[in-house]
Amino acid sequence: MSITVSLQVNGRNVSETLEPQTLLVDFLRNHLRLTGTHVGCDTSQCGACVVHVDGLAVKSCTLLAAQAHGTQVTTIEGLETEGRLHPVQEAFRSEHGLQCGFCTPGMIMSAVALLRRNPTPTEAQVREGLEGNICRCTGYHNIVKAILTASTHMPAQSAQASRS
Amino acid sequence: MKPAAFDYHRADNLQHACELLSSSGDDSKILAGGQTLIAMMNFRLARPKVLIDVSNIADGNQVLDEDGGIRIRATTVQRFVENSESVQQRFPLLCHAIEHVAHFQIRNKGTIGGNLVNADPASELPAMSLAFDAEFDIISVAGRRTVSASEFFVTYYTTVVAPNEVLSSIRFAEPPKNSGWGFHEVARRAGDYALAGSSAIVTLDAAGKCTRARIALFGVAATPVRATAAEDVLIGEAYSEDLLKASARSVQSILDPESDVHVTADYRRSVAEVLTVRALNDAFRRAKAVQ
Amino acid sequence: MNEPTATGIGASLRRIEDHRFITGRGKYTDDIQRHGQVHAYLLRSNLAHGEIRHIDTAQAKQAPGVLAVFTGADLRADGIGDLPVGWMTTNIDGTLMFIPPHPVLAVDRVRHVGDPIAVIIAATLSQAKDAAELIEFDISDLPAVANIDRATAAGAPLVWDGAAHNTAFHWQVGNSAAVEAAFARAHHITRIDLVNNRMVANAMEPRVAIGEFDEGRGEYLLHLSSQNPHVARILLATATLKVPEHKIRVISPDVGGGFGSKAMHYAEEVIVLWSAKKIGRPVKWTSERSEAFLSDRHGRDHKTHAELALDANGKFLALRASTIANLGAYYSTFGPAIPTFYSAPLLVGTYAIPAAYCDVRGVFTNTVPVDAYRGAGRPEAAYVIERLVDQAAHEVGLDPAEIRRRNFIPPDAFPYDNPLGAQYDSGNFGVGLEKALALADYAGFEPRRAAAKARGKLRGIGMSSYIEACGAGPSKIIMAAGAGSGMFESATIRVNPSGSVVVVTGTHSHGQGHETTFAQVVSDKLGIPIHSIEIVHGDTGRSAFGLGTVGSRSLAVGGGAIIKALDKVIAKGKRIASYILEAAESDILFENGRFVVAGTDKGISFPEIAFTAHAPAKFPSDEIEPGLEETAFFDPANFTFPAGLHICELEVDPQTGATEVLAYTVVDDFGNVINPMIVEGQVHGGTVQGIGQALLENCVYDPDTAQLLSGSFMDYCMPRADNLPNFLVDYIVTPSPHNPLGVKGCGEAGAIAAPPAVMNAMMNALRPAGVTELSMPATPLKVWQALRAAHA
């Protein structure tokens, strides 16, 4: 069986015919060649595949591309605005929040979602918020620092913080 | 990372989903959030021939205030409930329990209904349905029926929802005003399946005596369990450490824990009692605070 | 000497390579799509031990999209060689260790769950998997040996007929006679039995291999997530694929972590290359995570009995240890080296113990092969000595810090020959200890313990003093010990006419930040800006032979080669400059990026010399060759020996057994530090892996069936951000004399020191409740059971 999936990815309209069992992460990586989203496990544990679907952070390995039909998807490649890095991206570099870089896109996408929901988190809230992302290199110390640093550099949010 | 092939249909609403279920035959499944189903299909542990997708129906996320309770549409994602101000105010225990389900990215897609129908006895939500005297609204092409939480769960991963039925909504009853809650679980890491967990809602009268109690445990039997014997110990009594210990001890009669690769049955029994004491402590403390 | 700068040695320069990683533009091997590529899927045994009676691939070959299905017989028929073992360990009786065959795809028998038996190649991975389900195979069920206890039990089934008692080798080091004598006059003997639990490295990027063959040139191209592409290449050339070495190119692009598990030679890289030639298309294999648990080499898995003899003043007289090491079903490339050469010589740790002896018995089991995992033998040694010393302290009534103080090798004793054959280069253990104790407020612990008790918690503090061998390695020493090749390193410094510099190294960063730290070294030495330096690594087609990034060697040995090559560049630059500046070569100095005539202000910049070298009008090009490119190979005289002190403070909930690590202090001696930020990151990461081993992680096989029970991230429990504290990290510096930079290496230290620090803290917390022993991982269940047993 073939189905047609139409959606927006990083602001661009995309429409493709594919098999229904195609996972969103495979659609992004192999059909759209957006290889910044990574596959690190097969039990939805590691978070390397996190993207935003309609502004919500989700694990693209546990979503059919079909479930993203009609939505707006943002991947790590779509986080920059007009060539300017997102404050979270900047902070990961300034605080050495990455080593091998493989978990980093998913980590950054999760962090952006967390900060949208809670713009001034405590360290404990940041650590709790990272439950769905595994890093084997950094020991998380600098990732947490990066997210807290980014929270001080992000534009003020409206009182009605957007869903994440 | 590749599910086996299947036919795929998008349902416009839950009634439509029932029709599709009826006409698709035995090997068809409802796809709500997919956080359990897709994960199993990735391993080819589940291989449905037909998937009926209800994850994007209109008003899929819905939490309705009702008299004395709330009604949550089964397709509502967990995070929506967790973030609902109404639920935070009226059902803080439910919010707190939901925060323990996996990670927030999973909860952005995973649904209340999906979690309940999956009926993992170590999951927090089935126990919450017992704690809040929930009622399950189940529909099919043949009609609709309501099942109480005490009858909904049959055994591991099994509920009374038949293959041609769809869970439509769940009503959670609001506890009385002078109530406090408690919730404790032990997992290897936060977000992992609970090794054991206990929750309590305690209602006190003006004299500080308990007039109503709900104690629901998870990870300790083939289904979530409500410890009615432990609840009875509390009725008419005021707080004391001994009272709580006695109540927690009588939890043992309804436990039927398993040993598995992570922990032994003995451990679960012992920890279930400890966590019940802690949950009751918090519940009494919170109930006193609202008096 | 150059002035310290913001981009030179010692600067916490933000990483140059980060931009591509934070924007999702990294190029990991699975990101690469080769034109016309097809996909390989390996069918693996679901039995731990069995005879392959038959494999019927006829139906699978007909399945939609399938190009080919191959078995071990097909590879053997084509002359593909077995996976080799690269380290020969000698038995106590002088004979060589037993060497079983290790076919790329199993032929007669499967010997562990996950042992590959067939490869299906199809247009899509889905099609390959579907076709795999059509393969019929009959494997008889043979009794399986699941762990060390089962392997060494009387009458145990044999994994290999030629290895009696499942013994691969029985090796020793040290002086048993001297040890016996010392024990005979000991005032006190402490004994301990320890298990070093089996680990899975689980780098976040699973392994990937893409093989291609250019029919026109007869050349193979392999894209591989490897820590050491040259090693992969030479083993492919000489052992498995058996083609001329210069006809293979191995490219490792960005690698998402390795921790040792991507350093050895694996079946999959052979299979993709060989099958690419057979079918005329590029063949891509990507490991899935549950597949990785069954095929990536595991780590650790030792059982040790150790004894420490003390005199009446708590001074150590002698140490003896007997270890049984689980090697798995086959040797992995470096497997026999880990529990022997890389472990036993470190057993005496940072202490002046006059006599020591260790014997190691390697055993086969029906499990995944075991090899290097972050620390590779040194964590196993540190765990033994540091738990033994803590136990001894408890038994003789000395504070754990005091017993260490009394026994540290003094700072004036270096170079220090320890009784197990290692020569420590430099160190000052006492200073490191005092610094760590102060930072951790060790003196103020008891009131914290009492306060915790009032809250119903058991609080403990524990330490470990570690030392390890890094900077692998001195070729003569390791080849004498059994290595098949040396471990020098190469560097080429290519200076472009415009003055920019390309550094080609045979090491290969997989998270360690070499594109930054190597550039810092070059910038510091040549006085040129960071942005005019490029670091090239991971490509056998571009660099001379190198041994990759393992054993914390890249800066020590790779940096050493870079310095040597830079010295050659500067020397040639001086010669050219002497003509330009019309001075004697001996009067030319090079400082702050300029060649100057000593005592004058006459000089010329490095970029100008670079251009001049390519425009040789002003110097005799028959005496000095044009161009400016130098290659050097650096073979260090010895290993380097980083050391340090970890202190862990934690609380146990006695009712549930749950543990929370509350504070963690580290003082390391890594010699000179090039980029403190990167070094500290390595310490964080290694320490968390060590905490994971101590409290959470365990690779478990069913004792009867040898089925892997912990086969996914659900069951194999790695630390996440919310169950960890922040880390307090500081340094002392005693440079190593064994490399030009004076560095010692830092990548593995955390994983070495943390497990005993955590377990010593656990024992400190639980001893007052009557617990006398505890093994890793100290899960809630285990702690709860230990407390119950103590109350009984």
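In what order do the 3 strands of the open sheet in chain C stand, and is their pairing parallel or antiparallel?

A: This is a predicted model, in which local features need pLDDT of at least 70 and side-chain atom pairs count only at pLDDT 80 or more, while totals for chains, interfaces and linings use all residues. Residues are numbered from 1 along each chain as its sequence is written, and chains are lettered from A and ligands numbered from 1 in the order in which they are written.

The 3 strands of this open sheet in chain C follow the order S4-S2-S6, and their pairing is antiparallel. Strand S4 (109–110) and strand S6 (136–139) of chain C are at the edges, each with a single partner strand, so one side of each has no neighbour in the sheet. Helices (H or I, at least four residues) and strands (E, at least two) are DSSP runs numbered from the N terminus, and two strands pair if DSSP finds at least two bridges between them. Strand S2 (residues 50–56) of chain C is joined to S4(C) by 2 bridges, and C:Gly50 stands opposite C:Val110 in S4(C).

Elsewhere in chain C, the axes of helix H16 (residues 554–580) and helix H17 (residues 606–614) come within 10 Å and cross at roughly 85°. That makes H16(C) roughly perpendicular to H17(C), a label for angles of 65 to 115 degrees. The axes are lines fitted to C-alpha atoms over the stretch in contact, with angles running from 0 to 180 degrees between N-to-C directions. On the side of H16(C), the contact is made by C:Gly573, C:Ile576, C:Ala577 and C:Ile580, and on the side of H17(C) by C:Phe606, C:Ile609, C:Thr612 and C:Ala613; here two residues are in contact if their C-beta atoms, placed from the backbone, lie within 7 Å.

Helix H18 (residues 676–695) of chain C contains C:Val688, which counts as buried because it has 29 C-beta neighbours inside 10 Å, the cut-off for buried being 20 or more other C-beta atoms within 10 Å. Leaving aside neighbours within four places in sequence, C:Val688 is in contact with A:Gly139 and A:Tyr140, as well as with C:Pro719 and C:Leu724. Helix H8 (residues 267–279) of chain C has 10 of its 13 residues buried, so H8(C) is largely enclosed by the rest of the structure. Among those buried residues are C:Trp274 and C:Leu273, and H8(C) is followed by C:Gly280, whose phi is positive, near 75°.

Key:
Parallel < 35°, antiparallel > 145°, perpendicular 65-115°, else oblique. Buried ≥ 20, exposed ≤ 12 C-beta atoms within 10 Å, placed from the backbone.
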